[in-house]
Amino acid sequence: MSSIDYSTKIPNNVNLAEDRTLQRALEQWQPNYLSWWNDMGPDGSQGFDVYLRTAVSVDPQGWAQFGHVKMPDYRWGIFLNPAEKDRKIHFGDHKGESAWQDVPGEHRANLRRIIVTQGDTEPASVEQQRHLGLTAPSLYDLRNLFQVNVEEGRHLWAMVYLLHKYFGRDGREEGEALLERRSGQQDNPRILQAFNEPTPDWLSFFMFTYFTDRDGKFQLCALAESAFDPLARTTRFMLTEEAHHMFVGESGVSRVIQRTCQMMNELRTDDPAKLRAAGVIDLPTIQRYLNFHFSVTIDLFGADQSSNAAMFYSSGLKGRYEEGKRGDDHLLRNDSYRILQVRDGRLAEEEVPMLNALNEVLRDDYITDSVGGVSRWNKVIEKAGIDFRLKTPHKAFHRSIGSLAGVKVSPEGQLLSEPEWNARVAEWLPTESDRAFVASLMGRVVEPGKYANWIAPPMVGINRQPIDFEYVRFN
Ligand SMILES: [Fe+2]
Ligand SMILES: [Fe+2]
């Protein structure tokens, strides 16, 4: 079951050949997907040979095979983790019952919504990143961008498989709509706002893959607990791919920092103007990008109090991060959680029923996880002997969703008046001129082994290849 059949049009490990109707429906969707990829996938890259990894099995060891592939020929397919025998639902009102192999009628609409919302982020990020190849800082980075892009494409396949297999005609219509919405387009945008923001430069890309792909990780982890077993198995395999995306982000930002610190020591200065003149990105600018991506991303978890979140949990559709490792009753009916609100002109915690606060629980788990990489970035700065530390901003900083939406709070968590905010926002969020400066550094470096001036080379190459390997061939 876990070995992947590559002999068919659509590679899969779900015995697709046994379900002719489904196979035909997906084979009809496939050319539409490819034409979406041609229109909205990486700009001008269709003829490149890219050193990509392809899944050959879903085993944790050795699922990947590496080789130069033209991206439109990438074998997108349907890969589920193997079924767990007699899997039981382990949270919510159905706790202890057998996991569902089909969609219960009463949860159909909600499950469809959950799958469509997740599915929509996948092509959206490809669209957001489609011009970055034109300004890649190296072949190594270009290859990583393309690897992320083809895997996001595969994540779309993963969700469309579920829609086609379990949701009949509605599911097929949703599958088409996923190819029709466009990131940032006014009349038919992507569903979630962070996926309509442009990713204009490589610092944004690295921040996005560190912070926003990590949101993906947490959403997928919560869905991997689902009582709907096919969703759980699909998202488990997606998580193995997601890990690479976060690696691209964390190591990318780390290399930018490393290069900046090197220049700071060389020039013996921390003056942003001098560093910019030397062609590197000053640390305060990196902090502003971090503030932006962190705050936009934590909005993705939704309102801090949500009756939908309670219902998704109680009905078994979506669990918590690492549900199985928690020692509580997995029902949460009598539990409470503290959320942050503005009360009498101050930020104050308020106790609310836990079930209603599950978006906030997931957001807080996310915040804990994302702080880890930031402290690894700080190690790079510390090692260079520089007295500067990056910080994730306060949870209430620059929020647009939930009870903190629109509240003016500094990155340190101080409540501000509108004029105070306006006077200092340029210190905290990327300004037009920050973005213009970063954009000015973005030139295309594609000679094997060459790296743009603003970023350090990686420590090691991909799949034990050297860092001057020809990761992309342009033909
Ligand atoms: Fe994804
Ligand atoms: Fe991702």
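The following exercises, each with a worked solution, concern a predicted model.

**Exercise 1. Helix H3 by itself**

Compare the span of H3 with its expected span, and state how many of its residues are buried.

Solution. 
Step 1. H3 has 28 residues, for which 40 Å is expected at 1.5 Å a residue.
Step 2. From the first C-alpha to the last, H3 reaches 41 Å, which is close to the expected value.
Step 3. As for burial, 28 of the 28 residues of H3 are buried, and the helix is mostly covered.
Step 4. H3 is followed by Gly168, which has a positive phi near 50°.

**Exercise 2. The packing of H3 and H4**

Decide whether H3 and H4 are roughly parallel or roughly antiparallel, and describe their contact.

Solution. 
Step 1. The angle between H3 and helix H4 (residues 168-180) is about 155°, and their axes are 7 Å apart.
Step 2. An angle over 145 degrees counts as roughly antiparallel. H3 and H4 are therefore roughly antiparallel to each other.
Step 3. H3 makes the contact through Leu156, Val160, Leu163, His164 and Tyr166, while H4 supplies Gly171, Arg172, Glu174, Gly175 and Leu178.
Step 4. Sorted by class, the contact has five nonpolar, three polar and two charged residues.

**Exercise 3. Positive phi and exposure**

Solution. 
Step 1. Most residues other than glycine have a negative phi.
Step 2. Asp86 is found in the loop between strand E2 (64-70) and helix H2 (108-128). The place of His398 is in the loop between helix H10 (358-383) and helix H11 (418-428).

**Exercise 4. The loop residue Asp43**

Locate Asp43, decide whether it is buried or exposed, and list what it touches.

Solution. 
Step 1. Asp43 is found in the loop between helix H1 (20-40) and strand E1 (49-55).
Step 2. Because Asp43 has 12 other C-beta atoms within 10 Å, it is exposed.
Step 3. Apart from residues up to four places away in sequence, Asp43 touches Arg130, His131, Gly133 and Leu134.

**Exercise 5. Helix H10**

Find the span of H10 and name what covers its buried residues.

Solution. 
Step 1. H10 has 26 residues and reaches 39 Å from its first C-alpha to its last, close to the expected 38 Å.
Step 2. The buried residues of H10 include Leu358, Tyr366, Gly373, Trp377 and Ile381.
Step 3. Among the elements that cover the buried residues are helix H5 (202-223), helix H6 (229-267) and strand E3 (336-343).
Step 4. Just after H10, Gly385 takes a positive phi of about 75°.

Notes: Residues are numbered from 1 along each chain as its sequence is written. Chains are lettered from A and ligands numbered from 1 in the order in which they are written. This is a predicted model: local features need pLDDT of at least 70, side-chain atom pairs count only at pLDDT 80 or more; totals for chains, interfaces and linings use all residues. Axes are lines fitted to C-alpha atoms, for helices over the stretch in contact, and angles run from 0 to 180 degrees between N-to-C directions. Helices (H or I, at least four residues) and strands (E, at least two) are DSSP runs, numbered from the N terminus. Angles under 35 degrees count as roughly parallel, over 145 as roughly antiparallel, 65 to 115 as roughly perpendicular and the rest as oblique. Two residues are in contact if their C-beta atoms, placed from the backbone, lie within 7 Å. Ala, Val, Leu, Ile, Met, Phe, Trp, Tyr, Cys and Pro count as nonpolar, Asp, Glu, Lys and Arg as charged, and the others, Gly among them, as polar. The expected span of a helix is 1.5 Å times one less than its number of residues. A residue is buried if 20 or more other C-beta atoms lie within 10 Å of its own, exposed if 12 or fewer, and partly exposed in between; C-beta atoms are placed from the backbone.
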